[in-house]
Amino acid sequence: MAENTSPGAPIADQEEVKVQAGRARALAAADLPDKVHTWPYLVRAEFIAGCVLLLVLLVWSITVDAPMEEPANPTKTPNPSKAPWYFLGLQEMLVYFDPWIAGVVLPSLIIVGLMVIPYIDINPKGNGYYTWKERKFAISTFCFGFLVLWVGMITIGVFFRGPGWNLFMPWDYWDPHKVVPLTNVDLPYFLGIRSEMLAMLFGLVCVGGWLVGIPGAVYQWKKNSPIIRELGFVRYGIVATLFMIMSGVVVKMFLRHLFNIKYILVIPNILNV
């Protein structure tokens with residue numbers, strides 16, 4: 001809105017015109033809606049996006065044939081026998097953990113971790129405010145857990161696991177007769193510990209140090225920082241435990257691929273980690 005002031009007008013009149021113009025701007029801003037209705041603004045955008053996605057899937061299904069195989073034969077098991085793609089992450093974790101850990105404990109911890117997010121969130125901006133500047137740790141942790149771990153293991157299972165569940169590069173021929181000699185050993189045995197009791201104690205120290213020792217040392221080091229004080233001891237313990245378990249999956253994967261380490265902690269007939 002232009003201010004109609006002439007150079008020769010008195011200063012008081014010019015100030016009055018400026019005040020009135022400011023009030024007009026404030027009233028115009030007050031008339032703007034504070035909220036936008038879901039219909040038609042959001043629904044219209046979602047409908048258009050859905051139509052575009054449906055068109056892409058339709059063209060894709062017409063131009064690209066589905067990788068159908070021969071009819072199922074109960075007397076012939078395919079090699080490799082793979083789960084549906086959305087379960088391949090769990091099947092890949094069976095390489096690194098016992099079935100009850102890979103199929104029950106770790107998926108349950110994913111659900112529990114998602115459930116506790118509202119209770120450990122200390123951002124004062126409230127729900128629904130997710131920006132990189134305000135939530136660097138939360139967004140980076142989610143991207144690491146979802147993209148690097150979950151999507152990454154699904155990608156490995158789809159494109160890199162061939163016959164015998166061996167690792168193949170995309171340019172390699174999937175030889176069904178390929179035999180890979182692997183000598184998987186436990187970490188204590190790899191380090192020269194032959195006593196069963198000493199191996200169990202060593203494993204307990206490693207696992208306990210990873211889950212409790214490192215977070216405890218960080219807490220003692222940074223306990224006076226604003227973030228740690230705002231989190232508090234209990235919430236920090238929950239966040240640190242879940243984060244260390246998630247990171248431990250990556251560590252276990254590296255140990256298996258680089259050194260053929262099968263387990264770190266072995267408690268016979270009770271627990272293998």
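This is a predicted model: local features need pLDDT of at least 70, side-chain atom pairs count only at pLDDT 80 or more; totals for chains, interfaces and linings use all residues.
I begin with a pair of charged side chains: R135 and D121 meet in a salt bridge, with N and O 2.9 Å apart. A salt bridge here is a side-chain nitrogen of Lys or Arg within 4 Å of a carboxyl oxygen of Asp or Glu. R135 and D121 both lie in the loop between α4 and α5, 14 residues apart. R135 counts as buried at 6% relative accessibility, whereas D121 is partly exposed at 27%. In these terms, buried means under 20% relative accessible area, exposed means over 50%, and partly exposed lies in between, with a 1.4 Å probe and protein chains only.

Residues are numbered from 1 along each chain as its sequence is written, and side-chain values use heavy atoms, with hydrogens and water left out.

Let me now turn to the overall fold. The protein chain contains eight helices and two strands, in the order α-α-α-α-α-α-α-α-β-β along the sequence. Helices (H or I, at least four residues) and strands (E, at least two) are DSSP runs, numbered from the N terminus. Of the 273 residues, 22% count as buried. The chain exposes about 20,000 Å², and carbon and sulfur atoms supply 69% of that area. Such accessible areas come from the Shrake-Rupley method with a 1.4 Å probe; for residues, only the protein chains shown count as cover. Among contacts with a separation of 6 or more, 59% are between residues 24 or more positions apart. Contact means heavy atoms within 4.5 Å.

Which residues make up the largest nonpolar core? Its 12 residues are M93, Y96, F97, I101, A102, L106, L149, M153, M246, V249, V250 and M253. A nonpolar core is a set of buried Ala, Val, Leu, Ile, Met, Phe, Trp, Tyr and Cys residues joined through side-chain atoms within 4.5 Å. L149, one of the core residues, touches F144, M246, V249 and V250, leaving out residues up to four places away in sequence.

Helix α8 also holds M244, a buried residue with a relative accessible area of 9%. M244 and L211 are 33 residues apart in sequence, and their C-alpha atoms are 6.0 Å apart in space. Beyond residues up to four places away, M244 touches W210, L211, I214 and P215.

I return to charge. Side chains of opposite charge can pair when their charged atoms come close. How many salt bridges does a search of the whole structure find? The search finds two. Besides the pair with which I opened, R161 forms a salt bridge with E92, the closest N and O atoms being 2.9 Å apart. R161 lies in the loop between α5 and α6 (187-190) and E92 lies in helix α3, so this pair ties together parts that are 69 residues apart in sequence. Both R161 and E92 are buried.

D98 sits in the loop between α3 (88-93) and α4, and is buried yet has no salt bridge. The nearest side chain of opposite charge is K262, at 6.6 Å; Lys and Arg count as positive and Asp and Glu as negative, while His and the chain ends are not counted. Leaving aside neighbours within four places in sequence, D98 is in contact with Y263 and N272.

F87 lies in the loop between α2 (38-63) and α3 and is partly exposed, at 43%.

A cis peptide bond joins N79 and P80, with omega about 5 degrees; P80 lies in the loop between α2 and α3. W165, in the loop between α5 and α6, has a positive phi near 55 degrees although it is not glycine, and is buried at 17%. N260, in the loop between α8 and β1 (266-267), likewise has a positive phi near 55 degrees, but N260 is partly exposed at 24%.
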